[in-house]
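Here are my notes for your first look at this model. Keep the structure open beside you and take the points in order.

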Amino acid sequence: MISRETSAGRWASTASTAVKGFTAVTVVTAALALGACRPGDHRGQSGDPAGPPTASGPEAGPSASPDPLAECPATGVRIRSTGGDAAMGLRALGLELVNCGDRPYQLNGYPVLHVFDEQREPVMLRVVNGAKEITSGFDQPPQQVTLAAGERATAVVLWRNLVTDSTVVATNGEFLTVAPAAGQPAEEVDPDGPIDLGNTGRIGVSAWKKAEPSTPAQPAPPPAPSAVPSSVSPPDSRL
(Lines give C-alpha, C1' and ligand atoms only; values in the text may rest on other atoms or scores of the structure.)
Protein backbone atom coordinates (compact mmCIF):
# COMPACT_ATOMS: atom_id res chain seq x y z
CA MET A 1 0.00 0.00 0.00
CA ILE A 2 2.75 2.38 0.84
CA SER A 3 4.41 1.73 -2.53
CA ARG A 4 1.19 2.41 -4.50
CA GLU A 5 0.50 5.68 -2.67
CA THR A 6 4.03 6.83 -3.21
CA SER A 7 3.81 6.14 -6.95
CA ALA A 8 0.43 7.81 -7.17
CA GLY A 9 1.71 10.79 -5.27
CA ARG A 10 4.71 11.10 -7.55
CA TRP A 11 2.44 10.92 -10.65
CA ALA A 12 0.17 13.62 -9.25
CA SER A 13 3.15 15.83 -8.43
CA THR A 14 4.58 15.37 -11.94
CA ALA A 15 1.24 16.19 -13.56
CA SER A 16 0.86 19.30 -11.41
CA THR A 17 4.34 20.46 -12.36
CA ALA A 18 3.58 19.91 -16.07
CA VAL A 19 0.36 21.91 -15.84
CA LYS A 20 2.14 24.74 -14.09
CA GLY A 21 4.89 24.70 -16.71
CA PHE A 22 2.37 24.79 -19.55
CA THR A 23 0.55 27.68 -17.89
CA ALA A 24 3.79 29.61 -17.44
CA VAL A 25 4.77 29.10 -21.07
CA THR A 26 1.30 30.25 -22.16
CA VAL A 27 1.51 33.38 -20.00
CA VAL A 28 5.03 34.24 -21.26
CA THR A 29 3.97 33.72 -24.89
CA ALA A 30 0.96 35.98 -24.43
CA ALA A 31 3.10 38.62 -22.75
CA LEU A 32 5.58 38.56 -25.62
CA ALA A 33 2.76 38.89 -28.14
CA LEU A 34 1.33 41.88 -26.31
CA GLY A 35 4.76 43.42 -25.94
CA ALA A 36 5.32 43.22 -29.69
CA CYS A 37 2.22 45.42 -30.24
CA ARG A 38 3.33 48.49 -28.33
CA PRO A 39 1.88 51.71 -29.84
CA GLY A 40 5.37 53.09 -30.33
CA ASP A 41 6.15 50.42 -32.90
CA HIS A 42 3.30 51.36 -35.29
CA ARG A 43 5.52 53.62 -37.34
CA GLY A 44 4.10 54.70 -40.66
CA GLN A 45 0.60 53.45 -39.99
CA SER A 46 -2.52 55.53 -40.16
CA GLY A 47 -3.32 57.42 -36.99
CA ASP A 48 0.22 57.43 -35.58
CA PRO A 49 1.41 61.08 -35.30
CA ALA A 50 5.05 60.01 -34.97
CA GLY A 51 5.12 58.15 -38.25
CA PRO A 52 5.59 59.65 -41.74
CA PRO A 53 2.43 60.20 -43.78
CA THR A 54 1.68 57.59 -46.36
CA ALA A 55 0.69 58.41 -49.93
CA SER A 56 -2.85 57.28 -50.65
CA GLY A 57 -5.38 58.40 -53.22
CA PRO A 58 -4.97 60.67 -56.24
CA GLU A 59 -4.35 63.74 -54.05
CA ALA A 60 -0.93 62.38 -53.03
CA GLY A 61 0.42 62.36 -56.57
CA PRO A 62 2.27 65.26 -58.22
CA SER A 63 0.25 68.04 -59.78
CA ALA A 64 -0.37 67.32 -63.44
CA SER A 65 0.16 70.83 -64.77
CA PRO A 66 3.47 71.04 -66.69
CA ASP A 67 2.32 74.06 -68.69
CA PRO A 68 2.87 77.25 -66.60
CA LEU A 69 -0.06 78.85 -68.43
CA ALA A 70 -2.44 75.92 -67.90
CA GLU A 71 -3.92 77.39 -64.72
CA CYS A 72 -5.08 81.00 -64.80
CA PRO A 73 -4.98 83.06 -61.58
CA ALA A 74 -8.00 84.99 -60.35
CA THR A 75 -6.42 88.16 -61.79
CA GLY A 76 -6.88 86.77 -65.29
CA VAL A 77 -3.20 87.20 -66.23
CA ARG A 78 -0.07 85.12 -65.88
CA ILE A 79 3.45 86.58 -65.75
CA ARG A 80 6.59 84.62 -66.48
CA SER A 81 10.16 85.18 -67.64
CA THR A 82 11.26 84.33 -71.16
CA GLY A 83 14.97 83.89 -70.45
CA GLY A 84 17.95 86.08 -69.77
CA ASP A 85 20.93 87.43 -71.67
CA ALA A 86 24.27 88.65 -70.33
CA ALA A 87 26.88 90.52 -72.31
CA MET A 88 29.79 92.61 -71.00
CA GLY A 89 28.18 93.09 -67.59
CA LEU A 90 24.76 94.12 -68.92
CA ARG A 91 21.96 91.79 -67.92
CA ALA A 92 18.57 91.58 -69.62
CA LEU A 93 15.63 89.43 -68.56
CA GLY A 94 12.52 89.18 -70.70
CA LEU A 95 9.06 89.30 -69.12
CA GLU A 96 5.82 88.12 -70.65
CA LEU A 97 2.29 88.81 -69.43
CA VAL A 98 -0.46 86.64 -70.95
CA ASN A 99 -4.15 87.38 -70.71
CA CYS A 100 -5.30 83.90 -69.76
CA GLY A 101 -8.77 85.10 -68.80
CA ASP A 102 -11.89 85.49 -70.88
CA ARG A 103 -12.18 89.29 -70.94
CA PRO A 104 -9.97 92.18 -72.14
CA TYR A 105 -7.13 93.28 -69.86
CA GLN A 106 -5.64 96.78 -69.87
CA LEU A 107 -2.08 97.90 -69.11
CA ASN A 108 -0.57 101.37 -69.03
CA GLY A 109 2.77 101.65 -67.32
CA TYR A 110 5.69 99.65 -66.00
CA PRO A 111 5.95 96.30 -64.25
CA VAL A 112 6.47 96.57 -60.48
CA LEU A 113 9.57 94.65 -59.37
CA HIS A 114 10.71 93.32 -56.01
CA VAL A 115 14.03 91.49 -55.54
CA PHE A 116 14.78 89.14 -52.63
CA ASP A 117 17.96 87.47 -51.39
CA GLU A 118 18.46 83.75 -50.74
CA GLN A 119 16.76 84.11 -47.33
CA ARG A 120 13.83 85.76 -49.13
CA GLU A 121 14.56 89.06 -47.46
CA PRO A 122 13.90 92.17 -49.59
CA VAL A 123 16.92 93.66 -51.33
CA MET A 124 17.08 97.43 -50.95
CA LEU A 125 17.52 98.96 -54.39
CA ARG A 126 16.11 101.60 -56.70
CA VAL A 127 13.92 100.62 -59.64
CA VAL A 128 14.49 102.81 -62.70
CA ASN A 129 11.47 103.00 -65.00
CA GLY A 130 12.78 103.06 -68.53
CA ALA A 131 16.34 101.97 -67.62
CA LYS A 132 17.80 105.26 -68.87
CA GLU A 133 20.55 105.18 -66.22
CA ILE A 134 21.50 101.62 -67.15
CA THR A 135 21.42 101.47 -70.95
CA SER A 136 19.70 103.01 -73.94
CA GLY A 137 16.98 101.71 -76.23
CA PHE A 138 14.39 100.92 -73.55
CA ASP A 139 13.03 104.37 -72.81
CA GLN A 140 9.83 104.33 -74.85
CA PRO A 141 7.09 105.92 -72.73
CA PRO A 142 4.23 103.68 -71.61
CA GLN A 143 1.12 103.50 -73.75
CA GLN A 144 -2.37 102.15 -73.23
CA VAL A 145 -2.35 98.45 -74.03
CA THR A 146 -5.50 96.34 -74.28
CA LEU A 147 -5.03 92.61 -74.43
CA ALA A 148 -7.78 90.35 -75.70
CA ALA A 149 -8.01 86.84 -74.33
CA GLY A 150 -4.84 84.97 -75.24
CA GLU A 151 -2.84 88.07 -76.23
CA ARG A 152 0.51 88.97 -74.65
CA ALA A 153 2.50 91.97 -73.48
CA THR A 154 6.25 92.06 -72.96
CA ALA A 155 8.82 94.05 -70.99
CA VAL A 156 12.53 93.80 -70.20
CA VAL A 157 14.32 93.93 -66.83
CA LEU A 158 17.85 95.34 -67.03
CA TRP A 159 20.76 95.70 -64.62
CA ARG A 160 24.54 95.79 -64.65
CA ASN A 161 26.97 93.60 -62.74
CA LEU A 162 29.19 96.55 -61.92
CA VAL A 163 31.37 97.21 -58.88
CA THR A 164 32.41 100.83 -58.59
CA ASP A 165 33.31 100.95 -54.88
CA SER A 166 35.33 98.17 -53.28
CA THR A 167 34.14 99.21 -49.82
CA VAL A 168 30.52 98.41 -50.66
CA VAL A 169 29.46 94.77 -50.62
CA ALA A 170 28.09 93.53 -53.92
CA THR A 171 24.42 92.62 -53.93
CA ASN A 172 22.96 89.40 -55.31
CA GLY A 173 19.27 88.69 -55.59
CA GLU A 174 17.92 85.17 -55.91
CA PHE A 175 14.17 85.70 -56.27
CA LEU A 176 12.08 88.15 -58.30
CA THR A 177 8.40 89.03 -58.13
CA VAL A 178 6.58 91.04 -60.78
CA ALA A 179 3.19 92.76 -60.63
CA PRO A 180 1.40 94.14 -63.70
CA ALA A 181 1.05 97.54 -62.01
CA ALA A 182 1.16 99.19 -58.60
CA GLY A 183 -1.42 97.74 -56.24
CA GLN A 184 -1.85 94.54 -58.30
CA PRO A 185 -0.96 91.04 -57.05
CA ALA A 186 2.61 90.01 -57.83
CA GLU A 187 3.84 86.69 -59.17
CA GLU A 188 7.21 85.08 -58.64
CA VAL A 189 9.11 84.58 -61.88
CA ASP A 190 12.29 82.71 -62.70
CA PRO A 191 15.20 85.19 -62.89
CA ASP A 192 17.20 82.69 -64.97
CA GLY A 193 20.18 82.99 -62.64
CA PRO A 194 21.33 85.35 -59.89
CA ILE A 195 20.39 89.01 -60.06
CA ASP A 196 23.99 90.17 -59.65
CA LEU A 197 23.67 93.91 -59.19
CA GLY A 198 27.24 94.54 -58.09
CA ASN A 199 27.03 97.59 -55.85
CA THR A 200 25.03 99.74 -58.26
CA GLY A 201 21.91 99.48 -56.10
CA ARG A 202 19.54 99.83 -59.06
CA ILE A 203 17.59 97.81 -61.56
CA GLY A 204 15.66 99.02 -64.60
CA VAL A 205 12.54 97.92 -66.41
CA SER A 206 10.90 98.92 -69.68
CA ALA A 207 7.22 99.72 -70.11
CA TRP A 208 4.71 97.07 -71.09
CA LYS A 209 4.12 96.83 -74.82
CA LYS A 210 1.83 94.61 -76.82
CA ALA A 211 3.56 91.63 -78.35
CA GLU A 212 3.14 90.84 -82.00
CA PRO A 213 1.11 87.70 -82.73
CA SER A 214 3.45 84.78 -83.08
CA THR A 215 3.42 83.20 -86.52
CA PRO A 216 5.03 79.91 -87.52
CA ALA A 217 8.23 80.22 -89.51
CA GLN A 218 7.72 79.73 -93.21
CA PRO A 219 10.06 77.37 -95.05
CA ALA A 220 12.60 79.02 -97.33
CA PRO A 221 11.57 78.99 -101.01
CA PRO A 222 13.64 76.74 -103.27
CA PRO A 223 16.38 78.49 -105.26
CA ALA A 224 15.40 79.63 -108.78
CA PRO A 225 16.95 77.50 -111.52
CA SER A 226 19.67 79.14 -113.56
CA ALA A 227 19.03 80.04 -117.25
CA VAL A 228 21.61 77.52 -118.44
CA PRO A 229 22.46 74.53 -116.28
CA SER A 230 26.13 74.34 -115.53
CA SER A 231 26.34 70.75 -116.81
CA VAL A 232 24.85 71.56 -120.25
CA SER A 233 26.76 73.42 -122.99
CA PRO A 234 24.88 76.20 -124.82
CA PRO A 235 23.82 75.27 -128.36
CA ASP A 236 26.04 76.31 -131.27
CA SER A 237 24.44 79.22 -133.10
CA ARG A 238 25.97 78.06 -136.36
CA LEU A 239 23.74 74.98 -136.40
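1. Start with one term. Two residues are in contact when they have heavy atoms within 4.5 Å of each other. Keep in mind, too, that this is a predicted model.

2. Now use the term on T135. Leaving aside neighbours within four places in sequence, T135 is in contact with L90, L158 and R160. Find T135 in the loop between β5 (126-129) and β6 (145-147). Is T135 buried or exposed? T135 counts as buried, because its relative accessibility is 17% and the cut-off for buried is under 20%.

3. Go next to E121. This residue is found in the loop between β4 (112-116) and β5. E121 has a relative accessibility of 45%, so it counts as partly exposed. Not counting residues up to four places away in sequence, E121 touches V115 and F116.

4. Stay with E121 and look across to E174. How far apart are E121 and E174 in sequence and in space? They are 53 residues apart in sequence. From C-alpha to C-alpha, E121 and E174 are 9.9 Å apart in space.

5. Check the rings. The charged end of R120 sits over the ring of F175. It lies 3.8 Å from the centre of that ring. What about pairs of rings? Such a pair is described by the distance of the centres and the angle of the planes. The count of aromatic pairs here is 0.

6. Then the largest pocket. It holds about 260 Å³ of space. How many residues line the largest pocket? The lining has 15 residues, and Q140, S206, A207, W208 and K209 lie nearest the centre. Two elements give two or more residues to this lining: β7 (152-160) and β13 (209-210). β7 gives the most, with 3 residues.

7. Look at the make-up of that lining. The residues divide into 7 nonpolar, 6 polar and 2 charged.

8. Step back to the whole chain. Which elements does the chain have? It has 1 helix and 13 strands.

9. Finish with two totals. The chain has 239 residues, and buried residues make up 24% of them. Now take the contacts between residues at least 6 apart in sequence: 74% of these join residues at least 24 apart.

Terms used
Residues are numbered from 1 along each chain as its sequence is written. This is a predicted model: local features need pLDDT of at least 70, side-chain atom pairs count only at pLDDT 80 or more; totals for chains, interfaces and linings use all residues. Side-chain values use heavy atoms; hydrogens and water are left out. On a 1 Å grid over the protein atoms alone, a cavity is a set of points where a 1.4 Å probe fits but cannot get out, and a pocket is an open set with protein on both sides within 12 Å along at least five of seven lines; lining residues have an atom within 4 Å of a point. Grid points are joined across faces, edges and corners, and a volume is the space filled by probe spheres set on the points. Helices (H or I, at least four residues) and strands (E, at least two) are DSSP runs, numbered from the N terminus. Ala, Val, Leu, Ile, Met, Phe, Trp, Tyr, Cys and Pro count as nonpolar, Asp, Glu, Lys and Arg as charged, and the others, Gly among them, as polar. Rings of Phe, Tyr and Trp (its six-membered ring) pair if their centres lie within 6.5 Å; planes under 30 degrees apart count as stacked, over 60 as edge-to-face and the rest as tilted. A charge sits over a ring if NZ of Lys or CZ of Arg is within 6 Å of the ring centre and within 35 degrees of the ring normal. Buried means under 20% relative accessible area, exposed over 50%, partly exposed in between (1.4 Å probe, protein chains only).
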